[in-house]
Amino acid sequence: MGQSILTMLFALVLGYAVNSSVKIVSGGDEALVERLGQYKRTLKPGFHFISPLVEKVVCVDTSRERVLDIKPQSAITGDNVALEVDAVVYWRVVNLQKAYYGIDQIENAIANLVLTTFRAEIGRLPMQDILGSRDDMNKKLLKKLDEATDTWGVKVIRVEIQSITPPKRVQEAMELERATKSEWQAMVNKAIGTKEYMRLLVEALGLPSE
């Protein structure tokens, strides 16, 4: 009886040890292993053994690309116009050790960095330059964000500004300006057309032109 209990206990301990020592990391994921509370190694996708009791997996995370949606935020241009800007940031973890130990709540940290960078870049330029150079803004933001997040073990892959919205009064002024330009162009075209018509008429009648 006593031997049976010992055998069962041994089997349970052995099963626990084997189960605790085996770690399968799925494709696209990585895992961090600590030994006695200190970082030991990073596990890539596949089948791994870890030392039970002294080692443990403290983090499993994806190395695939992720999307961070930045909700509309206010920013002041260089000529003191308040804009609302929203964007999407594509990023991935390239060094899980840095990302886990180097920064807390990484998505919040990236979002805050994006907002700070947005406001700094927008604050350097007048509104018209910002509205007319979204691609340039995307490239500048990408470069700055990628440099800043390198120490976090993060790679910013792409930044896309979704919309830039001026205040309503500014939008109305811009619409009025566009309408005025359109009307002026129509008048110019009409004048050119009238002049050409008169020239053809003079030629058809054989009248001397001035």
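Reply: Leu32 has Thr42 as its bridge partner in β3. This is a predicted model. The strands β2 and β3 run antiparallel and are joined by 5 bridges. They belong to an open sheet of 3 strands with antiparallel pairing, in the order β3-β2-β5. The edges are formed by β3 (38-43) and β5 (55-62); each has a single partner strand, so one side of each is left without a neighbour in the sheet. From one strand to the next, the twist averages 25°.

Strand β2 covers residues 29-35, and Asp29 is found in it. Asp29 has a relative accessible area of 15%, and it counts as buried because that value is under 20%. Apart from neighbours within four places in sequence, Asp29 is in contact with Lys44 and Pro45, and also with Val60, Asp61, Thr62, Ser63 and Arg64.

Now the helices. Two packed helices are described by the angle between their axes and by the distance between those axes. For helix α3 (residues 106-122) and helix α5 (residues 134-149), the angle is about 135° and the axes are 10 Å apart. That angle makes α3 oblique to α5. The crossing in which α3 passes α5 is right-handed. On the α3 side, the contact is made by Leu113, Val114, Thr117, Phe118, Glu121 and Ile122. On the α5 side, Met137, Lys140, Leu141, Lys144, Leu145, Ala148 and Thr149 take part. Sorted by class, the contact of α3 with α5 has 8 nonpolar, 2 polar and 3 charged residues.

Key. Residues numbered from 1 in each chain as written. Predicted model: local features only at pLDDT ≥ 70, side-chain atom pairs only at ≥ 80, totals over all residues. Heavy atoms only, no water. Helix = DSSP H or I, 4+ residues; strand = E, 2+ residues; numbered from the N terminus. Buried < 20%, exposed > 50% of the residue type's maximum accessible area, 1.4 Å probe, protein only. Contact = heavy atoms within 4.5 Å. Pairing = 2+ DSSP bridges. Axes fitted to C-alpha atoms, helices over the stretch in contact; angles between N-to-C directions. Parallel < 35°, antiparallel > 145°, perpendicular 65-115°, else oblique. Left-handed = near helix turned anticlockwise from the far one by under 90°. Nonpolar A, V, L, I, M, F, W, Y, C, P; charged D, E, K, R; others polar.
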